[in-house]
Amino acid sequence: MTTSLLQTGLHIRELQPNELSGWDALVRRFANHRVVHTTAWLRSLEASGFGRPLFLVVEKDAEVVACFPGLLNQVGPLRLFGSPPPASQTVSMGPAFDDQSVTSTELLEEVTLYLERTIGVHHIEVMSPDLELEAMRRLGFREEPWPTYRMTLFPGDERRTLRQLKDSARRNITRGVKQGLEVRFESDESFVEEHFQQIQEVYVRGGHAVNFKRERVLQCFRHLRAAGNLIAVSVYLPNRVNIATGMFTIEGGELLLWTWAHRTQFRWHRPTELMTWTVIQEALRAGCTTFDFMGLGDFKTKFGAQLDTRKYRWIRSRYRWLGGMRQMAAKGMQWQQVLRARLLLPLRSFGTPS
């Protein structure tokens, strides 16, 4: 179905099944596209139970000027659209678009009306660093800031990239090499079980329970591996004990951290610095120019990462009570994570070797 609801000359339609093979080629035409806009990421969300993917294209003068993916979910009588869905471990999404042909304001005006009037959506969430603050507010969206740390990479100049790291991080990299730590790139699904166990350990140690399931990690691993975007990596002691793991993605010129973790009892080996530097070296060879650490955390500044405050999650509900319920649900989830972590911590401590 195609629709044009404003006098912008824009037309929105959902790609038909026989057109979906061309989605990634369309997305990659736009400079602000990321791995989260690709078919592999959207299918991983679908397989994880976050709803049905909508592959929306926006046309102007018969040319595609934007791709706007998201997932449609039905909760009772309510239709929810997330680009991306909340709690999906997705760094951003929103529109990938040509800002010389269309503004983000024009896009969101048309897409909002299309979703609400044509699809019947009651609640919309969009996370993106590319939307105009005041314009989104005028459209009735409420913002939540989602800052991250980002590092500049210099392909072809490994020494310049390394110099950005703090002295302590460079020392730990050298120390890890001297200790005989081995960094391995992983491709077997057995990696997922070890990685998820380490994630759980890190979350509980920080006072929270994991807010996503093992299945989410598995589906991300499967789909991104098949698409060639995945870097899964482990760090082993000389005795072959796995002490740290991470999942990263490469798309275009961007390296993205998805998840990383390490075993508490081996933290003094400082494996994360060596693991991450090894991945950065791989990204430099692939031509990456930027590294998104996917969120905050003082540890990330050791890599010379700088604060990036451009990204917001934008929320719009057709009914005020629905927006209030969403806020209550988010707060309830936070309290639930803390409580579960407090219950799990004594159990994990009891079962952890000294």
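Predicted model: local features only at pLDDT ≥ 70, side-chain atom pairs only at ≥ 80, totals over all residues.

Skipping neighbours within four places in sequence, I found Val57 in contact with His11, Ile12, Arg13, Leu15, Trp23, Leu26, Val64, Ala66 and Cys67.

Next I looked up the largest nonpolar core, which has 36 residues. Val57 is among the members that touch the most others, along with Trp23, Trp41, Cys67, Val217, Phe221 and Met247. I then checked which elements give two or more residues to this core: helices 1, 2, 7 and 8, plus strands 3, 4, 11 and 13. Helix 8 gives the largest share, five residues. There is another core apart from this one, with 31 residues, and I noted Tyr149, Leu181, Phe248 and Val279 among them.

Then I went to Leu71, which sits in strand 4. Is Leu71 buried or exposed? Its relative accessibility is 1%, so I put it down as buried, the cut-off being under 20%. Leaving out residues up to four places away in sequence, Leu71 touches Leu42, Leu45, Glu46, Phe50, Gly51, Arg52, Pro53, Leu80, Phe81, Gly82 and Pro85. I also checked Leu71 against Leu54: they are 17 residues apart in sequence, but 5.7 Å apart C-alpha to C-alpha.

Last stop was helix 7. I get 16 residues and 24 Å from first C-alpha to last, close to the expected 22 Å. Its buried residues are Phe191, Val192, His195, Phe196, Gln198, Ile199, Glu201 and Val204. Just after helix 7, I noted that Gly207 has a positive phi of about 90 degrees.

How values were computed
Residues numbered from 1 in each chain as written. Heavy atoms only, no water. Core = buried A, V, L, I, M, F, W, Y, C linked by side-chain atoms within 4.5 Å. Buried < 20%, exposed > 50% of the residue type's maximum accessible area, 1.4 Å probe, protein only. Helix = DSSP H or I, 4+ residues; strand = E, 2+ residues; numbered from the N terminus. Contact = heavy atoms within 4.5 Å. Expected span 1.5 Å × (residues − 1).
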